[in-house]
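Thanks for coming, everyone. Let me put the structure up, and then we will walk through it together.

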Amino acid sequence: MLRLPPFRLVVPKTAREAARILADHGPEAMAVAGGTDLYPNMKRRQFTPKVLVALSGLGEARGIAGNGTLTLGALETLTNVSRHPLVSARWPAVAASAGLVSSPPLRNAGTIGGNLCVDTRCTYYNQTEFWRASIGYCMKRDGDVCLVAPGSSICWALSSSDTAPVMIALGAEVTLVGGDGSRRIPEADLYGRDGIQYLAKRPEEVLTQVHLPSRDGWAMTYRKLRRRGSIDFPILGVAAAVRLGPGRVVEEARIVLGAVHTHPVEASDANDFLRGKVLDRETIEMAAGIAYKPAKPLDNADLSYSWRKRMARIETARALRELAGLPTGDLPPVNPS
Ligand SMILES: Cc1cc2nc3c(=O)[nH]c(=O)nc-3n(C[C@H](O)[C@H](O)[C@H](O)COP(=O)(O)OP(=O)(O)OC[C@H]3O[C@@H](n4cnc5c(N)ncnc54)[C@H](O)[C@@H]3O)c2cc1C
Ligand code: SF4
């Protein structure tokens, strides 16, 4: 059995206090919310913090409220987010993506804030300490080379959050609280461009709230690809949202791909292409052909990277078809290889 390494647990009452404790202890401290990702990672010695700052006491990071807009407390569980009537009715892709994370027990403990901050993943890294030692480690922890792309100066571990692509597609913002104050930034700016420094926030900043603008009049969806119907992290996520005008003309489109890069990837060229066009089969095929190009899956997740890349095109087409009210089943199947 894998055991947790020793650590000291502190339970602050406010986010500012939590940020100050994190800042005081530097790299020796980490925040923990539901612990569904952090604790397994600690058991594998991917992280060995001496101090864990439990966020569970932060009242300011709880609650789901809204009318035209929506505010989600970062400590709300994925179950609460996925089942909340307001979220399901007005931001259904948020509810769907939260409801597709892992399995029911992990959704009961895992939080929306933890999901947005969840570590990047790689088959050479999400392994026991014994396994990683046997191959000489990699630069995400204890080594100095990337085992997937040995000439690379960056780590290519994959952004694997189910909810992050949806939040970005819907234009969400997050509140970050530091030791001296708070700031609100677009969710898209939360992510860095390296699998090690995958969050662009300061290490001590605590995410307390997620803010979603009104998306009334938009159609939205999230499609997740994984080997099994439960438990598995995404090997591809497609978040898509469109505002259609009369005659199914696209007024605005937002497509974001997950699990294909170190960060969620906005398909900006496809979004530009779609604007002003009728959302019919032909347009959808062309948009999907543009959208999948920035996907950069490498050989560090389940199934082959070439298949995952091809599926990015197909799943984008399926997502857009869903939004257009067209059938999704008649696209050519692509067998995993
Ligand atoms: C078997 C298994 C399957 C999984 N499948 C999926 C899946 O399909 N999809 C998916 O997206 N995830 C999956 N996960 C990962 C995880 O369960 C979820 O991402 C979950 O939402 C993480 O939330 P948490 O509250 O448990 O985060 P924690 O484990 O507590 O923390 C995760 C990270 O976020 C940081 N953090 C947490 N909250 C905050 C905050 N408010 N402010 C700043 N930093 C914070 C922590 O320091 C840590 O680095 C899986 C995990 C396991 C073990
Ligand atoms: S992408 Fe490279 S550096 Fe990053 S975790 Fe995988 S093997 Fe390690």
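Start at the ligand. Around ligand 1 there are 33 residues, and Ala31, Thr36, Thr111, Asn115 and Asp162 come nearest. Near here means that a heavy atom of the residue lies within 4 Å of the molecule.

A word on the model before going on. It is predicted, so local features need pLDDT of at least 70 and side-chain atom pairs count only at pLDDT 80 or more, while totals for chains, interfaces and linings use all residues. Residues are numbered from 1 along each chain as its sequence is written, chains are lettered from A and ligands numbered from 1 in the order in which they are written, and side-chain values use heavy atoms, leaving out hydrogens and water.

Back to the shell. By class, 16 of its residues are nonpolar, 11 polar and 6 charged. Nonpolar covers Ala, Val, Leu, Ile, Met, Phe, Trp, Tyr, Cys and Pro; charged covers Asp, Glu, Lys and Arg; the others, Gly among them, are polar. At least two shell residues each come from β2 (29-32), α7 (112-116) and β8 (206-212). Helices (H or I, at least four residues) and strands (E, at least two) are DSSP runs, numbered from the N terminus.

Which backbone atoms lie by the ligand's oxygen and nitrogen atoms? Ser102 has a backbone N or O atom 3.0 Å from an oxygen of ligand 1. For Leu207, a polar backbone atom is 2.8 Å from a nitrogen of the ligand. The protein covers 91% of the 980 Å² of accessible area that ligand 1 has on its own. Those areas come from the Shrake-Rupley method with a 1.4 Å probe; for residues, only the protein chains shown count as cover.

The largest nonpolar core has 52 residues, and Leu72, Val87, Val94, Leu116, Met167 and Leu212 touch the most other members. Its largest share, 5 residues, comes from helix α9 (residues 163-169). Such a core is a set of buried Ala, Val, Leu, Ile, Met, Phe, Trp, Tyr and Cys residues joined through side-chain atoms within 4.5 Å. Buried means under 20% relative accessible area, exposed over 50%, partly exposed in between (1.4 Å probe, protein chains only).

Take Leu212. Not counting residues up to four places away in sequence, Leu212 touches Thr69, Leu70, Leu72, Trp91, Val94, Met167, Leu170 and Ala172. Contact means heavy atoms within 4.5 Å. Apart from this core lies another, of 35 residues, including Ile235 and Phe273.

Glu315 sits in helix α12 (residues 305-324). Is Glu315 buried or exposed? Buried, at a relative accessible area of 5%. A 2.5 Å polar contact joins its side chain to that of Arg223. A polar contact is a pair of N or O atoms within 3.5 Å; within protein, one must be able to donate a hydrogen and the other to accept it, and residues adjacent in sequence count only if both atoms are side-chain atoms.

Asp280 lies in the loop between α10 and α11 (281-291). At 28% relative accessibility, Asp280 is partly exposed. Its side chain makes a polar contact of 2.8 Å with that of Thr283.

Asp142, in the loop between α8 (129-134) and α9, has a positive phi of about 75° without being a glycine. Ala259 also has a positive phi, near 65°. Ala259 belongs to the loop between β11 (250-258) and β12 (265-266), and is buried at 1% relative accessible area.
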